[in-house]
Amino acid sequence: MPHGPTTRRQALSLLAVTAFSLTTAACSEAPAVVPPDAPGVSAAKDDAFTDAVRVADKQAQKEVLDQLASRFGRDLRILPRRVDSDAEPLPIKEHYEKALAGGRGWKEFPLADYGSTWSFAFISPDSRQIFAVVVLNPRFAPEGGGDVPLTILTNLPDSGSR
């Protein structure tokens, strides 16, 4: 019977490794939350933009929300942000893509192109959650540059509200 204890130890080791792997996998599949703001993006104050810019931003939000409403409803949270009008869209998109799509199975969700904005969206693997970004065209920035609205439309919870 010299093989009995060794076999038992191997079985217990395999069981421990399997349990650890399952626990690690469960932790890595934590529910998605709103990712941290991309570099150069920050919360916008209520009085950050002129009336004309706010009206243009609301229209841009509506256009994207109209695209998303049939699939996700109109109750998406609207998170106002701001970004420098000279900001490049690609690094911002890549930041959110890495935070959501990287290893989690999120995919890009196609949005119609509007001349007043650049926008993009990502959809969860189960097609229940959306994270969309709408940035007003830099032509709405104050003369000489400045900030333009960047709006996040999402049904994801904030990171602190789990």
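**Exercise 1. In which order do the elements of the chain run from the N terminus on?**

Solution. The model is a predicted one, in which local features need pLDDT of at least 70, side-chain atom pairs count only at pLDDT 80 or more, and totals for chains, interfaces and linings use all residues. Residues are numbered from 1 along each chain as its sequence is written, and side-chain values use heavy atoms, with hydrogens and water left out.

Step 1. Helices (H or I, at least four residues) and strands (E, at least two) are taken as DSSP runs and numbered from the N terminus.

Step 2. The chain has three helices and six strands.

Step 3. Read from the N terminus on, the order is α-β-α-β-α-β-β-β-β.

Step 4. Of the 162 residues, 34% count as buried. Buried means under 20% relative accessible area, exposed means over 50%, and partly exposed lies in between (1.4 Å probe, protein chains only).

**Exercise 2. Describe the largest pocket and the residues that line it.**

Solution. Rolling a probe the size of a water molecule over the atoms shows where empty space is left.

Step 1. The search uses a 1 Å grid over the protein atoms alone; a pocket is an open set of points with protein on both sides within 12 Å along at least five of seven lines, and lining residues have an atom within 4 Å of a point.

Step 2. The space in the largest pocket is about 230 Å³, where a volume is the space filled by probe spheres set on the grid points, joined across faces, edges and corners.

Step 3. The lining consists of 15 residues, and Phe49, Arg54, Asp57, Lys58 and Pro80 lie nearest the centre.

Step 4. At least two lining residues come from each of α2 (51–72), β2 (77–84) and β6 (147–154). Helix α2 gives the largest share, five residues.

Step 5. Sorted by class, the lining holds seven nonpolar, two polar and six charged residues. Here Ala, Val, Leu, Ile, Met, Phe, Trp, Tyr, Cys and Pro count as nonpolar, Asp, Glu, Lys and Arg as charged, and the others, Gly among them, as polar.

**Exercise 3. Which side chain of opposite charge is nearest to Asp57, and with which side chain does Asp57 make a polar contact?**

Solution. 

Step 1. Asp57 belongs to helix α2.

Step 2. A salt bridge requires a side-chain nitrogen of Lys or Arg within 4 Å of a carboxyl oxygen of Asp or Glu.

Step 3. The side chain of Asp57 makes a polar contact with the side chain of Thr151, at 3.4 Å. Such a contact is a pair of N or O atoms within 3.5 Å; within protein, one must be able to donate a hydrogen and the other to accept it, and residues adjacent in sequence count only if both atoms are side-chain atoms.

**Exercise 4. How many salt bridges does a search of the whole structure find?** Examine some of the pairs.

Solution. Side chains of opposite charge can pair when their charged atoms come close.

Step 1. The search finds seven salt bridges.

Step 2. Asp37 pairs with Arg81, with the closest N and O atoms 2.8 Å apart. This pair links distant parts of the chain, 44 residues apart: Asp37 is in the loop between α1 (3–28) and β1 (41–43), and Arg81 is in strand β2. Asp37 is partly exposed at 27% relative accessibility, whereas Arg81 is buried at 15%.

Step 3. Asp51 pairs with Arg54 at 2.4 Å between the closest N and O atoms. Because the two lie three residues apart in helix α2, about one helical turn separates Asp51 and Arg54. Asp51 is exposed at 54%, and Arg54 is partly exposed at 33%.

Step 4. Arg74 and Asp66 form a salt bridge with the closest N and O atoms 2.3 Å apart. Lys62 joins Asp66 and Arg74 in a network of salt bridges.

**Exercise 5. Where is Ser127 found, and what is its phi?**

Solution. 

Step 1. Ser127 is in the loop between β4 (117–123) and β5 (130–136).

Step 2. Phi of Ser127 is near 60 degrees, a positive value in a residue other than glycine. Most residues other than glycine have a negative phi.

Step 3. Ser127 is partly exposed, at 32% relative accessible area.

Notes
On a 1 Å grid over the protein atoms alone, a cavity is a set of points where a 1.4 Å probe fits but cannot get out, and a pocket is an open set with protein on both sides within 12 Å along at least five of seven lines; lining residues have an atom within 4 Å of a point.
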